[in-house]
Structures are given as C-alpha cells and as structure tokens.
Amino acid sequence: MNDIFARRRQKLLAMKAFRDRQTHPDALGEACPHCGASSSRKALSAALYVCPRCGHHFPIGAYYRLSILLDPGSFRELGNRSAVFDPLQFPGYRKKLETAQRMTGLSEAVVIATGSIDGHKAVLGVLDNRFLMGSMSAEVGERVTTAIETAARQKLPLILFSASGGARMQEGILSLMQMAKTSAALARLDEKGGLYISVLTDPTTGGVTASFASLGDIILAEPGALIGFAGPRVIQQTIGQSLPEGFQRAEFQMEHGFVDAIVPRDRLRATLAQLLELHSKGGRI
Ligand SMILES: [Zn+2]
C-alpha cells in the first residue's frame with residue numbers, strides 16, 4: 001500500500017517538475033546571459049540547467065529542484081493552500097497573484113515539503129523566483145515558519161533554498177514582520193539543537209537575506225549567485241563609488257566569510273546527503 005502512495009507522490013512531483021521546466025523563462029534554450037552561448041533545451045536539461053560552456057546556473061523552479069534532490073517517492077508537500085491573501089487591498093495585487101498562480105502552477109512563492117535525500121529524512125522549503133520574484137509575503141513567511149516548526153517537532157534537519165527579491169511590497173509591514181517571525185522560529189529550532197542548512201541561490205536579496213537565509217548553521221551557495229541586501233546598483237548610487245569585481249556574488253561572499261561552501265548544482269544532492277549523514281544520530285563522526 002505504501003508503495004502505491006509513494007508512486008503516486010513521485011508521479012505528482014514529476015508532473016509538477018515537468019511544468020516548472022516548461023514554464024521557466026530563463027531555461028528555454030535561450031542564450032546564456034553570462035557567456036552568450038546558446039544551448040538546446042535538451043542539453044540544458046541534461047546539465048540540470050547549468051550552461052555547459054561557462055557553468056552559469058540558470059534559476060530553476062521549486063518542484064524541479066525538489067525532483068532532482070529527493071529520493072524517488074519520498075516527496076510529501078506541506079501547507080499548499082491556494083487562497084489569495086490581499087490584506088491591504090493593494091491596487092492590482094489580487095490580479096497579480098492570480099496571474100502568477102496561473103503562469104507557474106504554484107500557489108505561492110515557496111514550496112515546503114518533507115522528503116529524504118539518500119535515505120536521510122528532512123524538511124525542505126524552496127523559494128521560486130518565478131512567482132513575484134520569490135518575494136516574501138505573509139503566506140511565504142507562514143509556510144517557512146511551518147517548515148521550521150515541523151523540523152523542530154519531528155526532530156528533522158531543515159534545508160531552505162532561497163531565491164528572492166526581498167519583501168512583498170504589496171503587503172507592507174505584514175511582509176516585513178515575516179523576517180522577525182521566521183527568525184524567532186529558527187531561534188527556537190536552534191534551542192532544541194536542530195540542524196538548519198541554508199542554500200542560497202540566484203538571487204537572494206532583501207528581507208530574505210536579512211532573516212532566515214543568513215541564519216543557517218551551514219550556509220551553502222550555488223556558483224555565481226547574487227547574495228546581498230540592497231542590490232549593487234543601489235549601493236553604488238548611494239556611496240558614489242564603483243564596486244569591486246564580483247561584488248555580492250557567491251564567491252565574493254565566501255571570501256568574506258558569509259558563505260561556508262559553494263556547491264555546483266550537480267554536486268548538491270551528494271553534499272547535502274553527506275552533511276545529513278555527518279549530523280545524524282549514529283553518524284560516523
Ligand atoms: Zn554560459
């Protein structure tokens with residue numbers, strides 16, 4: 001019986017991942033924004049949407065990321081409500097939300113789930129920048145908090161993938177409050193001794209950087225990911241000075257101690273599996 005459910009869940013994830021790959025505007029076989037090389041969709045797909053010529057990591061959808069990370073049949077989605085939440089009745093916001101839902105097949109900018117990586121069960125949250133730039137709404141904050149609290153309750157490791165333009169401006173202060181809410185939930189997880197691995201992907205900015213993305217026990221990043229609070233253009237205009245080469249890229253952040261390791265996409269599953277193994281009860285350390 002369990003096998004039937006596992007197969008159904010696997011099929012569902014595969015369908016959602018397929019849709020991610022069909023609808024992602026950056027991964028449709030267009031020219032690489034970094035080196036200009038054009039690759040066929042087939043070649044890009046085989047390379048997990050990493051440019052075969054220069055290694056540029058294209059953004060990918062949340063379900064597709066989960067499909068390449070998790071053991072087959074282990075995906076179980078949490079808290080996927082599809083209601084539209086427009087607390088401030090902000091002009092045009094409801095329509096934007098509905099359009100984003102229709103275009104992406106997502107109900108909000110984050111997917112949370114439990115699943116296992118090489119046999120190690122974990123709680124995962126993946127932000128998706130196709131949905132209003134992966135911005136943090138009250139619902140995104142609620143889901144991330146649900147993921148954190150599930151990890152604490154079930155004594156499971158937590159892995160969050162960030163890809164965000166920052167706060168959701170149409171929700172005003174309610175969006176900013178998610179920074180405190182997620183950070184407080186992470187502090188409670190930390191008090192219980194829970195492991196939290198944060199994976200920063202392109203781009204991780206604004207309120208997400210200033211809250212849960214930066215609070216990992218271990219912070220990994222994909223190569224070349226933009227990681228910062230305000231973007232480089234805003235900083236340059238504010239300080240009136242030119243910025244160093246590679247400013248705010250993952251490599252720059254690692255040199256300055258903000259990131260523990262840069263992990264290419266094709267090594268992410270193996271790296272996470274190793275970290276989970278090392279931190280599991282009865283691990284070989
Ligand atoms: Zn390239």
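User: Is aspartate 3 buried or exposed?

Analyst: The model is predicted: local features need pLDDT of at least 70, side-chain atom pairs count only at pLDDT 80 or more, and totals for chains, interfaces and linings use all residues. Residues are numbered from 1 along each chain as its sequence is written. A residue is buried if 20 or more other C-beta atoms (placed from the backbone) lie within 10 Å of its own, exposed if 12 or fewer, and partly exposed in between. Aspartate 3 has 8 other C-beta atoms within 10 Å, so it is exposed.

User: In which helix is aspartate 3 found?

Analyst: Helices (H or I, at least four residues) and strands (E, at least two) are DSSP runs, numbered from the N terminus. Aspartate 3 falls in the helix made of residues 2-23, which is α1.

User: What is the C-alpha to C-alpha distance between aspartate 3 and glycine 73?

Analyst: Along the sequence, aspartate 3 and glycine 73 are 70 residues apart. In space, their C-alpha atoms are separated by 8.2 Å.

User: In what order do the strands of the open sheet lie?

Analyst: Strands of a sheet pair through backbone hydrogen bonds, either parallel or antiparallel. Two strands pair if DSSP finds at least two bridges between them. The pairing here is mixed, and the seven strands are ordered β1-β2-β3-β4-β5-β6-β7.

User: Which are the edge strands?

Analyst: An edge strand here pairs on one side only. This applies to the strand at 76-78 and the strand at 261-262, that is, to β1 and β7.

User: Which residue of β5 is the bridge partner of serine 162?

Analyst: Strand β4 has parallel neighbours: four bridges join it to β3 (residues 120-127), and six bridges join it to β5 (residues 196-204). Towards β5, the partner of serine 162 is leucine 200.

User: What is the handedness of the crossover from β4 through α6 to β5?

Analyst: A crossover is right-handed if, with the strands pointing away from the viewer, the path from the first strand over the helix to the second runs clockwise. The unit made by β3, α5 and β4 is a right-handed β-α-β unit. The chain then crosses from β4 through α6 to β5, and this β-α-β crossover is right-handed.

User: Why is β4 largely enclosed by the rest of the structure?

Analyst: In a regular strand the side chains alternate between the two faces of the sheet. On one side of β4, Leu158, Leu160, Ser162 and Ser164 are buried, and on the other Ile159, Phe161 and Ala163 are buried. Strand β4 (residues 158-164) is therefore largely enclosed, the number of its buried residues being seven of seven.

User: At what angle does helix α3 run to β2?

Analyst: Axes are lines fitted to C-alpha atoms, for helices over the stretch in contact, and angles run from 0 to 180 degrees between N-to-C directions. Seven of the eight residues of α3 are buried, among them Tyr63, Tyr64 and Leu66. Helix α3 (residues 62-69) lies across β2, β3 and β4, and its angle to β2 is about 5 degrees.

User: Are α5 and α6 roughly parallel or roughly antiparallel?

Analyst: Angles under 35 degrees count as roughly parallel, over 145 as roughly antiparallel, 65 to 115 as roughly perpendicular and the rest as oblique. Helix α5 (residues 138-154) packs against helix α6 (residues 172-191) at about 5 degrees, with the axes 9 Å apart. The two helices α5 and α6 are therefore roughly parallel.

User: How do the residues of the contact of α5 with α6 divide into nonpolar, polar and charged?

Analyst: Two residues are in contact if their C-beta atoms, placed from the backbone, lie within 7 Å. The contact includes Val144 and Ile148 of α5 and Thr182 and Leu186 of α6. Ala, Val, Leu, Ile, Met, Phe, Trp, Tyr, Cys and Pro count as nonpolar, Asp, Glu, Lys and Arg as charged, and the others, Gly among them, as polar. The division is ten nonpolar, five polar and three charged.

User: What is the omega of the peptide bond from aspartate 202 to proline 203?

Analyst: Proline 203 is placed in strand β5. The bond from aspartate 202 to proline 203 is cis, with omega near -10 degrees.
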